[in-house]
Amino acid sequence: MERKRVIITEYIDPAGLEILSRYFDLQYLPDAPKVKLEDVVSDAYGIGVRLASISADLMALAPKLKVIAKHGVGIDNIDVSAATARRIVVVTTPKANAVSVAEHILSLMLCLANRICSANADLKAGRFVRREDYVGVELKGKTLGVVGLGRIGSETARKCKSGFGMNIVAYDPMLSAETFALTGYRRADTLGPLLEESDFVVLCVPMTEQTAGMIGARELSWMKETAFIINTSRGGLIDETALYSALAGGKLAGAAMDTFGKEPVGPENPLLSLDNFIATPHVAGATREAMRRMATDLAEEIVRVLSGERPRYPANPEVYE
């Protein structure tokens with residue numbers, strides 16, 4: 001019997017490829033860099049994707065398509081509405097990278113608090129003069145504001161409370177009062193009070209119509225001048241122009257971002273010129289452990305759907321209703 005075609009658009013850990021190759025005719029586009037997805041998608045039953053755009057127009061070229069599997073959790077690069085209209089299942093790998101992203105957030109927090117990146121750069125460049133120029137702050141006793149208590153936000157809050165003795169205040173309008181009470185954290189009913197009292201703010205929310213641009217000049221003005229903000233979710237959550245003005249004008253102590261509105265971020269981005277800004281190139285979840293889990297979870301979800309089973313993590317479960 002002819003094996004179904006599955007396409008993987010970008011690099012994934014070989015463990016996932018090994019699973020897929022057992023069941024399907026696997027086409028791995030990183031091995032064919034000149035091949036375009038739109039030119040080979042016509043006979044695909046499944047697509048595994050990281051950051052490539054899966055639009056309605058692309059789906060229209062794939063009449064056999066049954067499943068789109070996201071390597072990660074952010075699905076803003078997939079037209080989920082178009083997929084649902086076609087009864088194409090969209091699946092994610094929500095449990096694979098929460099620990100890695102939370103640990104990356106902690107790394108950025110520590111670097112900001114202790115001015116590690118500035119000290120490292122100055123020492124290597126021969127600019128070091130006085131130790132007093134790198135005086136930092138402790139995390140113990142500080143208030144962490146967590147925006148979004150999903151898997152990553154919850155893991156970050158837990159580590160900061162138990163590991164660093166931080167006070168946790170969280171904002172997540174999607175959680176019921178009963179569920180929120182089980183966390184043991186203080187609840188902010190609106191974003192404003194959280195921003196006003198937090199020493200560190202971390203954004204752990206998906207990109208949606210409601211969250212796009214949620215941190216602009218007004219919101220940044222609510223924060224303490226001694227505060228720090230960290231975003232490892234999606235770049236479009238923060239107005240980068242407003243963030244630059246706040247950092248350059250001394251209205252905010254520092255910021256760190258793993259994601260940007262335009263990626264890959266280029267050296268022309270003015271934020272990269274600031275000493276109190278730290279950037280990483282969308283790699284918060286890129287540990288060996290997380291990459292392997294995401295690849296195997298992605299592969300197993302594709303196998304489930306194309307075998308006629310219900311997946312564990314559908315982003316559009318209504319296709320089964």
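Which residue in β8 is the bridge partner of V169? In this predicted model, the partner is R186. Two bridges join β7 to β8, and these strands run parallel.

Let me place that pair in its sheet. The sheet is open and has seven strands, in the order β8-β7-β6-β9-β10-β11-β12, with parallel pairing. Its edge strands are β8, residues 186-187, and β12, residues 277-279, each of which pairs on one side only.

Helix α7 covers residues 151-164, which makes 14 residues. From its first C-alpha to its last, α7 reaches 19 Å, close to the 20 Å expected at 1.5 Å a residue. The helix lies across β6, β7 and β9, and runs at about 170° to β6. Which residues of α7 are buried? They are I152, G153, E155, T156, A157, K159 and C160. These buried residues pack against β6 (143-147), β7 (167-171) and β9 (200-203), and also against α5 (98-114). After α7 comes G165, with a positive phi, near 70°.

Now a single residue, S198. You will find S198 in the loop between α9, residues 191-197, and β9. Is S198 buried or exposed? S198 counts as buried because its relative accessible area is 0%, and the cut-off for buried is under 20%. Its side chain reaches two backbone atoms. One is the backbone oxygen of L194, at 2.6 Å. Another is the backbone nitrogen of G145, at 3.4 Å. Leaving aside neighbours within four places in sequence, S198 is in contact with T143, L144, G145, V169, K224 and A227.

Last, the start of the chain. Strand β1, residues 5-8, is joined by four bridges to β2, residues 25-28, and the two run parallel. Between them the chain crosses through helix α1, residues 14-23, and this β-α-β crossover is right-handed. Across the pair, I8 stands opposite Y28 in β2.

R5 is also in β1. What joins the side chains of R5 and Q27? A polar contact of 2.7 Å does. Not counting residues up to four places away in sequence, R5 touches D25, Q27, D43, A44, Y45 and G46.

Note on methods:
Residues numbered from 1 in each chain as written. Predicted model: local features only at pLDDT ≥ 70, side-chain atom pairs only at ≥ 80, totals over all residues. Heavy atoms only, no water. Expected span 1.5 Å × (residues − 1). Buried < 20%, exposed > 50% of the residue type's maximum accessible area, 1.4 Å probe, protein only. Contact = heavy atoms within 4.5 Å. Pairing = 2+ DSSP bridges. Axes fitted to C-alpha atoms, helices over the stretch in contact; angles between N-to-C directions. Polar contact = N/O pair within 3.5 Å; in protein donor to acceptor, adjacent residues only side chain to side chain. Right-handed = clockwise from strand over helix to strand, strands pointing away.
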